[in-house]
Amino acid sequence: MSADNVKLGHDLSEAVAALLINLPIKAASFIVTIYGDVIEPRGGVVWIGNLIETCKSVGITETLVRTAVSRLVAASQLVGEREGRRSFYRLTDAAQAEFVEAASLFYGPQPAVRWQFVLINGPAPEEIMQGLEREGFARLNPRLAVGTHPAPPLPSNVVVFDAQLATENGALREFAEEAWNLPRFAEAYREFIARFGSFFKRVGNCAALSPFDCLIARLLLVHQYRLIMLREPHLPKSALPDNWPGEEARRLFADLYLLLSKKADAYVGRHFINEAGKLQETTPASQNRHERLKSL
């Protein structure tokens with residue numbers, strides 16, 4: 001089989017391959033997931049061959065992997081290193097800091113609410129506004145946005161205001177319904193619960209899954225959860241509709257992540273390498289994630 005003749009899920013169990021049905025995955029985004037879940041807590045460096053092997057199982061070709069890695073290098077998220085004939089890619093310091101911050105969102109309790117308003121001055125505010133919306137902020141008008149967490153790094157023509165909620169009543173829920181597209185996020189959570197809840201019931205204690213199965217299943221779990229968590233607004237409970245599925249999704253994520261991790265981490269420790277040798281099966285950083293998930 002050539003490097004670009006990839007059969008989706010060809011080396012996975014039927015249960016894990018079923019997770020890939022109607023699940024389009026972009027190469028760069030999935031590579032970011034691999035780094036965030038596996039590589040960052042183990043030093044931030046990995047051989048590109050490990051990326052190629054892992055991506056192949058979800059239908060991403062070697063050519064797409066190499067193209068995506070090159071783009072991540074151009075975006076200053078990765079730096080390439082050579083050791084003999086092998087190429088390794090390291091997270092930049094800035095990217096590593098971003099990954100650590102994101103990990104606190106995925107592997108910990110619901111983040112505390114910190115209301116902020118962002119006022120965009122100067123010409124062409126639309127690009128900045130779209131970036132804020134991708135971070136879970138709501139557009140109130142063409143130059144004003146509101147969010148429940150600190151704004152990302154912004155240019156100097158932007159003014160950020162910290163705000164405090166002074167009233168707790170039904171008006172906050174009405175405001176949230178108007179400002180954010182909450183049905184879209186609720187539907188994404190329900191699709192996540194349906195897909196991975198069915199998988200959870202099917203695999204039981206994971207005894208029939210191989211270590212590689214468990215790694216791919218965990219990466220898919222993190223990938224889909226990440227796509228929702230990085231975009232949804234993380235509103236306080238008083239602002240959310242009744243029967244909001246976010247908490248159920250968080251519990252499912254924690255339970256399934258912990259179930260898959262023993263075998264998944266064992267595979268990483270046996271097969272993933274950096275320039276110094278094999279990656280550690282577990283590290284204090286990866287163990288900290290497990291402990292935080294157990295406490296949810």
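This is a predicted model: local features need pLDDT of at least 70, side-chain atom pairs count only at pLDDT 80 or more; totals for chains, interfaces and linings use all residues.

Biologist: What does the radius of gyration say about the protein?

Modeller: The radius is taken over C-alpha atoms, and the globule rule is 2.2 Å times the number of residues to the power 0.38. For 296 residues a compact globule would come near 19 Å, and the protein has 20 Å, which agrees. The C-alpha trace spans about 60 × 45 × 35 Å along the principal axes of the protein. Of the 296 residues, 47% count as buried (under 20% relative accessible area; exposed is over 50%, partly exposed in between; 1.4 Å probe, protein chains only).

Biologist: How many helices and strands are there?

Modeller: Both are DSSP runs, numbered from the N terminus: helices are H or I with at least four residues, strands E with at least two. The protein has eleven helices and nine strands.

Biologist: Which domains are assigned?

Modeller: Domain bounds come from an automatic or database domain assignment. Here it gives domain 1 (7-109 + 182-295) and domain 2 (116-163). Their centres, taken over C-alpha atoms, are separated by 29 Å. Six residues from domain 1 and five residues from domain 2 take part in the contact, where contact means heavy atoms within 4.5 Å.

Biologist: How is empty space found?

Modeller: Rolling a probe the size of a water molecule over the atoms shows where empty space is left. On a 1 Å grid over the protein atoms alone, a cavity is a set of points where a 1.4 Å probe fits but cannot get out; a pocket is an open set with protein on both sides within 12 Å along at least five of seven lines; lining residues have an atom within 4 Å of a point. Grid points are joined across faces, edges and corners, and a volume is the space filled by probe spheres set on the points.

Biologist: Where does the largest pocket lie?

Modeller: Domain 1 and domain 2 both give residues to its lining, so the largest pocket lies between them. It holds about 1,300 Å³ of space. Of its 41 lining residues, Glu 98, Glu 101, Ala 102, Glu 135 and Leu 230 lie nearest the centre. Helix H5 (93-106) gives the largest share of the lining, eight residues. The lining divides into 21 nonpolar, ten polar and ten charged residues (nonpolar: Ala, Val, Leu, Ile, Met, Phe, Trp, Tyr, Cys and Pro; charged: Asp, Glu, Lys and Arg; polar: the others, Gly among them).

Biologist: What lines the largest cavity?

Modeller: The search finds one cavity of 30 Å³ or more, and the largest cavity has a volume of about 40 Å³. Its lining includes Ile 31, Val 32 and Tyr 35, and divides into seven nonpolar, one polar and no charged residues. Helix H2 (27-39) gives the largest share, three residues. Twelve of the 13 residues of H2 are buried.

Biologist: Is Pro 41 buried or exposed?

Modeller: Pro 41 is buried, with a relative accessible area of 6%. Pro 41 is in the loop between H2 and strand S1 (45-47). Leaving aside neighbours within four places in sequence, its contacts include Tyr 35, Thr 283 and Arg 289.

How values were computed: Residues are numbered from 1 along each chain as its sequence is written. Side-chain values use heavy atoms; hydrogens and water are left out.
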